[in-house]
Amino acid sequence: MYLSTLDRSGAAGGSPRAVGGTVFALGAVSLVTDISSEMVTAVLPLYLVIGLQFSPAAYGLIDGLYTGATVLLRLAGGHVADRVNRHKAVAGAGYGLSALAKLGLLAAGASGPLIGLAITVDRAGKGLRTAPRDALITLTTPPERLGLAFGVHRTMDATGAFLGPLAALGVLTLAGGVFGPVFLASFCVALLGVLILALFVQDVPSPAVTAKKMPWRAAFGPARRRLLPAACLLGLVTVGDGFVFLLLQRRTELALGWFPLLAVATSLAYLLLAVPLGRLADRFGRLRVMIGGHAALIAVYLLLYGPLTGLPLLIVIPLLYGTFYAATDGILMAMAGPVFPPELRATGLALIQSGQALSYLLSSVLFGLAWQAWGPGPACLAAAGIAAAVLPLAVLLLTRKP
């Protein structure tokens with residue numbers, strides 16, 4: 001199968017079928033888990049850069065490392081899930097690890113290194129669970145409906161990201177501004193997500209005998225091996241939510257107390273658009289939707305550099321940024337899933353996600369250095385230029401025949 005055929009999956013149309021129960025169950029797990037995660041992470045950029053006076057370069061390094069630290073566990077999670085033929089169990093271990101990390105935050109107190117360790121453990125849990133979870137979606141959904149399936153899942157996931165910061169603000173208000181109750185509430189919510197996974201998600205093992213005989217290198221044939229560099233190039237153009245929200249707060253002079261709502265607004269746009277864009281991708285081409293999503297990201301960088309300020313910028317940036325995520329996050333997995341054999345589905349998706357994580361680490365560090373050296377405006381302009389140059393190369397890799 002050529003990669004160039006992937007963006008036409010489902011182009012023939014046909015009546016849409018409802019996605020399976022496994023997709024909805026995994027969506028419920030992600031919804032609850034994202035409430036827990038976003039309760040903690042929504043204020044992290046503000047806390048580090050404003051509260052602890054971290055430089056942009058230091059924040060970029062930390063933000064990139066948190067994501068890059070998941071690379072090995074992403075690979076391990078995907079490969080182990082295929083080898084033991086238990087995608088649900090490996091994903092459950094990742095969700096459990098993230099839940100325990102919330103207790104680590106509670107125990108860390110005001111210690112910066114311990115807080116960093118707890119957050120890294122949380123991200124490691126995310127790395128462990130992501131590929132087996134996405135593999136379950138691809139294994140239980142017809143290829144022509146994968147855009148819709150991932151759209152439904154990402155919509156539920158984004159709903160959790162939307163509710164998490166609101167829940168954190170509510171707990172903080174009730175607790176009089178003390179952060180301990182937020183971490184405890186986050187742990188309880190994460191534990192609920194693990195329980196939903198255990199009770200309602202059905203495992204769908206691939207043929208065990210074939211999986212044990214097939215080496216992980218078989219995940220990449222002539223067409224597949226170009227998917228990894230394309231994904232890395234696309235990951236390289238993403239500088240991270242923290243930078244976007246910090247720049248938006250500075251450009252609009254938004255009061256610090258409203259900062260967490262920037263993530264809420266972005267998640268709202270994401271959850272409203274994920275299913276429609278997933279349907280659109282299935283019908284008219286996944287690659288086309290992905291290109292549109294990255295065009296929205298380029299527009300975000302240019303607007304952060306341009307003359308627009310105030311309320312219009314506060315409305316447009318979250319809308320475009322949410323559009324970028326809705327048009328790219330699940331769509332890439334929908335494109336990649338059918339390329340890999342079922343016996344190595346989680347391994348292949350883990351390699352794609354790991355490549356993107358490493359690219360994200362590099363882009364965060366470089367953007368932080370550019371901000372510190374040139375200022376935020378030129379750094380945004382450089383990010384837009386790099387994204388505009390890289391996107392055609394990624395498209396060429398995805399459409400070129402072997």
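Guide: Helix α11 is mostly covered, since nine of its 12 residues are buried. Here "buried" means a relative accessible area under 20%, "exposed" means over 50%, and "partly exposed" lies in between, with a 1.4 Å probe and protein chains only. Helices are DSSP runs (H or I, at least four residues), as are strands (E, at least two), and both are numbered from the N terminus.

Before going further, please note that this is a predicted model, in which local features need pLDDT of at least 70, side-chain atom pairs count only at pLDDT 80 or more, and totals for chains, interfaces and linings use all residues. Residues are numbered from 1 along each chain as its sequence is written, and side-chain values use heavy atoms, with hydrogens and water left out.

The helix runs over residues 241-252. Its end C-alpha atoms are 16 Å apart, which agrees with the 16 Å that its 12 residues should span at 1.5 Å a residue; the expected span is 1.5 Å times one less than the number of residues. The buried residues of α11 are Gly242, Phe243, Val244, Phe245, Leu246, Leu247, Leu248, Gln249 and Thr252.

In an unreviewed UniProt entry, the annotation "transmembrane region" covers several spans, among them residues 227-248, 254-275 and 311-336. UniProt positions are given in the numbering used here, feature names are shortened, and annotations may be inferred rather than shown by experiment. Residues 227-248 are 82% helix and 0% strand, and the end C-alpha atoms of this span lie 33 Å apart. For residues 311-336 the values are 100% helix and 0% strand, with 38 Å between the end C-alpha atoms.

Rings of Phe, Tyr and Trp (its six-membered ring) pair if their centres lie within 6.5 Å; planes under 30 degrees apart count as stacked, over 60 as edge-to-face and the rest as tilted. The structure holds eight aromatic pairs. One of them joins Tyr321 and Tyr325 edge-to-face, at 5.1 Å centre to centre with 65° between the planes. These two tyrosines are four residues apart in helix α14 (residues 310-336), and therefore they are separated by about one helical turn. Tyr321 counts as buried because its relative accessibility is 1%.

Beyond the end of α11 comes Glu253, which lies in the loop between α11 and α12 (260-284). Most residues other than glycine have a negative phi. Glu253, however, has a positive phi near 55° although it is not a glycine. Its relative accessibility is 73%, so Glu253 counts as exposed.

Asn85 counts as buried because its relative accessibility is 7%, whereas Glu253 is exposed.
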